[in-house]
Protein chains: 2
Amino acid sequence: MAESSRSKPLTRENVQKAHELIKQYVHLTPVLTCTTIDSVASTPRSPEALKGTQWEGQTPAKPKFRFFFKCENYQKIGAFKARGAFHALTQLSDEELARGVVTHSSGNHAQALALAARTKGITAHIVMPTISTPSKIAGTKGYGANVLFSGSTSEEREAVVVDVIKKTGAILVPPYDHPDIILGQGTMALELEQQAKDLLAMSHISVNRDQKQTLDAVIAPLGGGGMLSGVATALQGTGIRVFGAEPSFEGANDGQLGLAAGKRIPSVKTLTIADGLRTPVGEIPWIVISDKSKVKGVYSVTEEHIKAAMKLVLERMKVFVEPSAVVGLAVCMFDEDFRRIAEREGGEGGWNMGVVLSGGNTTVEAIGKLFQTSTAQAERAEGVVGKDGEKVAENVAG
Amino acid sequence: MAESSRSKPLTRENVQKAHELIKQYVHLTPVLTCTTIDSVASTPRSPEALKGTQWEGQTPAKPKFRFFFKCENYQKIGAFKARGAFHALTQLSDEELARGVVTHSSGNHAQALALAARTKGITAHIVMPTISTPSKIAGTKGYGANVLFSGSTSEEREAVVVDVIKKTGAILVPPYDHPDIILGQGTMALELEQQAKDLLAMSHISVNRDQKQTLDAVIAPLGGGGMLSGVATALQGTGIRVFGAEPSFEGANDGQLGLAAGKRIPSVKTLTIADGLRTPVGEIPWIVISDKSKVKGVYSVTEEHIKAAMKLVLERMKVFVEPSAVVGLAVCMFDEDFRRIAEREGGEGGWNMGVVLSGGNTTVEAIGKLFQTSTAQAERAEGVVGKDGEKVAENVAG
């Protein structure tokens with residue numbers, strides 16, 4: 001792939017340029033709102049719910065949220081990764097494109113790169129572990145990729161990638177640790193900013209005329225960090241606060257822990273249900289994420305909180321998402337530190353809060369398994385939801 | 001409720017009037033498209049898949065569908081029933097409204113009537129069986145309804161309704177067997193007709209410029225028949241064909257069977273997973289549905305076909321629907337008689353096919369149960385889905 005040193009600097013202007021380049025290839029995904037979820041998250045948690053947490057005994061925070069959900073589950077391949085992959089290819093010369101591209105991934109990035117390559121009429125070599133599920137292999141092949149198999153350790157996979165590069169001259173396109181990818185992912189934030197503005201300008205949403213007509217903050221999931229650093233880059237200078245959200249299970253909150261320690265954590269081993277967020281933050285994303293002027297903070301949530309947020313989005317918004325997609329909403333609902341900041345800074349009017357729903361690539365069987373093991377907790381979560389089932393889903397057309 | 005004899009006749013013009021009356025209260029729900037589902041349903045079924053069916057040995061049909069999904073799962077209360085309930089209340093005099101309204105239902109109609117009554121500032125009495133699930137009772141109470149309990153037989157429920165009417169003078173608003181309800185439900189078809197036209201006018205959908213720029217047909221689920229008869233009434237004279245879809249399990253296809261016998265079937269006892277479609281067709285809907293000039297035909301599908309269609313809508317379109325919502329799509333995918341008609345009448349260009357997704361009121365636990373018992377069949381269904389995961393979801397704004 002284009003060497004990082006050759007890439008454009010990480011600026012809002014360069015995200016805007018990236019958007020011009022990719023918008024013919026990717027969907028302008030809708031921004032949805034949901035009064036039920038606003039109302040649930042704007043209700044203080046009960047003192048009982050805080051028992052056994054670090055907030056036990058504190059007065060529950062009273063933030064007010066009007067959420068704007070950026071639905072990247074409706075993006076091509078079912079996740080935001082299409083943005084970065086398409087942008088990366090626009091940065092290659094014709095000579096480079098002719099050599100083809102290569103990556104090792106069994107997830108959304110593999111499918112995104114395969115789709116982008118097919119669209120450009122070039123070859124994508126995707127290295128996948130032999131043990132990958134047949135449906136993922138078939139899915140990637142379905143986009144016309146040349147799938148190669150390797151052992152499952154990262155050394156084994158990288159050896160196959162090196163071999164492909166040696167034989168074909170293919171350009172490596174990494175999943176997140178590259179400026180071209182980051183600039184591509186950031187494009188979602190430009191859209192969200194404008195779509196929220198359009199929705200707020202519609203009278204039936206901004207009942208209160210004194211209300212701010214722009215976003216106050218955006219929260220996005222943090223795995224490798226391509227998306228969060230892209231969003232923060234896109235929103236620089238806008239005054240919109242940017243936050244990251246991680247699962248806390250088995251140290252998946254390496255971003256949060258790294259920020260506390262003042263040092264990036266280079267490896268993570270976790271089996272959080274938010275399987276898109278099991279990777280450590282990459283080196284280039286880290287530069288952006290550890291800059292307080294760009295990312296205000298990173299928060300983490302438990303597996304049960306992720307499930308409760310997911311149940312809410314599925315059942316009340318009727319939007320099909322994967323667990324990784326809802327960690328931002330879970331932070332808004334359950335992290336008292338975050339909620340206290342929103343209460344203090346949002347004041348009476350509350351916050352217009354952008355929440356990135358990053359993808360929807362899961363199955364009914366996986367959902368069944370997820371919610372079958374904890375019916376009691378799911379019911380408790382339902383209690384949190386409240387009684388008022390009224391729901392608004394608004395769509396913004398381009 | 002307003003006596004049927006006092007109600008407006010079932011004409012397209014009266015559906016248009018109903019739309020003017022209710023559009024301030026209900027959502028203009030989005031119409032979505034999905035190239036993956038188009039491609040799956042436009043692929044002939046394999047001769048093996050027809051084994052053991054009434055089509056065994058026949059050449060599989062080769063229809064072409066471009067689907068336009070009317071997403072009534074994004075309607076208020078999560079289902080289309082809000083339309084009819086709001087319309088019914090607009091037809092009552094101030095004196096009648098002051099007396100309040102009453103119905104017996106444990107499903108979407110109860111919540112729809114409760115919401116409409118609250119919006120109008122009047123009382124809704126909802127009679128529910130004592131054995132109703134607590135979440136349904138809480139949901140209905142959440143809309144401010146006065147919930148009354150009864151035994152679970154229809155006689156016991158009706159006795160409580162009669163008692164309420166005697167004591168309060170409340171007006172009965174039935175769930176489907178009334179012209180005002182039918183005219184209200186029909187409003188979705190007016191929107192769908194226009195939204196599909198708008199989408200077809202966008203160049204990237206109508207690649208073929210010679211293609212028809214309007215809908216060819218619409219298919220809607222058939223339970224009590226309020227929706228199907230409303231849709232057929234709304235589309236009279238437009239040239240758009242209207243079809244109904246039912247589950248076949250345990251005789252839930254009473255509409256189809258009744259049409260074959262030339263006589264409405266007044267009672268049904270089925271536990272189909274499409275629980276919104278367990279009721280027999282009502283008397284007034286039957287008049288419309290049995291009129292060939294209004295409804296071209298009613299088709300039915302198995303439980304497994306419903307599950308396969310549901311899996312596709314959830315996982316590929318990323319839209320959260322209940323089983324009853326997908327019977328129309330299931331007919332398009334699996335009923336060879338219907339597919340043969342679409343092939344013959346649609347010809348080379350195929351059909352622009354409106355499909356009503358009627359609601360999304362289910363839970364993650366219910367989905368888990370549904371797909372846990374038949375992993376093998378779900379996987380078979382996934383095989384049907386094909387390899388190409390590309391997906392388009394377009395939104396139509398008002």
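**Entry 1: T187(B)**

A helix here is a DSSP run of H or I with at least four residues, numbered from the N terminus. I keep in mind throughout that this is a predicted model. With that in hand, I looked up T187(B) and found it in helix 8 of chain B, which spans residues 179-201. Is T187(B) buried or exposed? Its relative accessible area is 0%, so T187(B) is buried, given that buried means under 20%. Leaving aside residues up to four places away in sequence, I listed what T187(B) touches: V15(B), A18(B), H19(B), I22(B) and R83(B).

**Entry 2: the sheet of chain B**

Next I traced the strands of chain B. Six of them make an open sheet with mixed pairing, in the order 1-2-10-7-8-9. Strand 1 (31-32) and strand 9 (297-301) of chain B are the edge strands, each pairing on one side only. As a reminder to myself, strands of a sheet pair through backbone hydrogen bonds, either parallel or antiparallel.

I then followed strand 8 of chain B, residues 241-247. It runs parallel to strand 9 of chain B, and five bridges join the two. Strand 7 of chain B also pairs with strand 8 of chain B in the parallel sense, over five bridges. Which residue of strand 8 of chain B stands opposite A220(B)? It is G244(B).

Helix 10 of chain B (residues 254-261) touches strand 8 and strand 9 of chain B, and its direction makes about 135° with that of strand 9.

**Entry 3: strand 7 of chain B**

How many residues of strand 7 of chain B (residues 217-221) are buried? I get five of its five. In a regular strand the side chains alternate between the two faces of the sheet. I sorted the residues by side, and both faces of strand 7 of chain B are covered. One side has A217(B), I219(B) and P221(B), the other V218(B) and A220(B), all of them buried.

**Entry 4: the sheet of chain A**

On to chain A, where I counted 16 helices and 10 strands. Of the 398 residues in chain A, 60% are buried. I also looked at contacts with a separation of 6 or more: in chain A, 75% of these come from residues 24 or more positions apart.

The open sheet I traced in chain A has six strands in the order 1-2-10-7-8-9, with mixed pairing. Its edge strands are strand 1 (31-32) and strand 9 (297-301) of chain A. Strand 7 (residues 217-221) and strand 10 (residues 351-357) of chain A run parallel and are joined by three bridges. Which residue in strand 10 of chain A is the bridge partner of V218(A)? I found G354(A).

Helix 8 of chain A (residues 179-201) lies across strand 1, strand 2 (65-71), strand 7 and strand 10 of chain A. I noted its angle to strand 2 of chain A as about 130°.

**Entry 5: G239(A)**

I picked one loop residue to look at. G239(A) sits between helix 9 (226-234) and strand 8 (241-247) of chain A. Its relative accessibility is 60%, and it counts as exposed because the cut-off is over 50%. G239(A) and D216(A) are 23 residues apart in sequence, and I read 7.5 Å between their C-alpha atoms.

The crossing is right-handed.

Between the chains, I took helix 15 of chain A and helix 15 of chain B, each at residues 364-372. Their axes come within 8 Å and cross at roughly 120°, which makes this pair oblique. The crossing is left-handed. What does helix 15 of chain A bring to the contact? I listed V364(A), E365(A), I367(A), G368(A), F371(A) and Q372(A). These meet V364(B), E365(B), I367(B), G368(B), F371(B) and Q372(B) in helix 15 of chain B. By class, this contact has six nonpolar, four polar and two charged residues.

How values were computed. Residues are numbered from 1 along each chain as its sequence is written. Chains are lettered from A and ligands numbered from 1 in the order in which they are written. This is a predicted model: local features need pLDDT of at least 70, side-chain atom pairs count only at pLDDT 80 or more; totals for chains, interfaces and linings use all residues. Side-chain values use heavy atoms; hydrogens and water are left out. Two strands pair if DSSP finds at least two bridges between them. Contact means heavy atoms within 4.5 Å. Axes are lines fitted to C-alpha atoms, for helices over the stretch in contact, and angles run from 0 to 180 degrees between N-to-C directions. A crossing is left-handed if the near helix is turned anticlockwise from the far one by less than a right angle, and right-handed if clockwise. Angles under 35 degrees count as roughly parallel, over 145 as roughly antiparallel, 65 to 115 as roughly perpendicular and the rest as oblique. Ala, Val, Leu, Ile, Met, Phe, Trp, Tyr, Cys and Pro count as nonpolar, Asp, Glu, Lys and Arg as charged, and the others, Gly among them, as polar. Buried means under 20% relative accessible area, exposed over 50%, partly exposed in between (1.4 Å probe, protein chains only).
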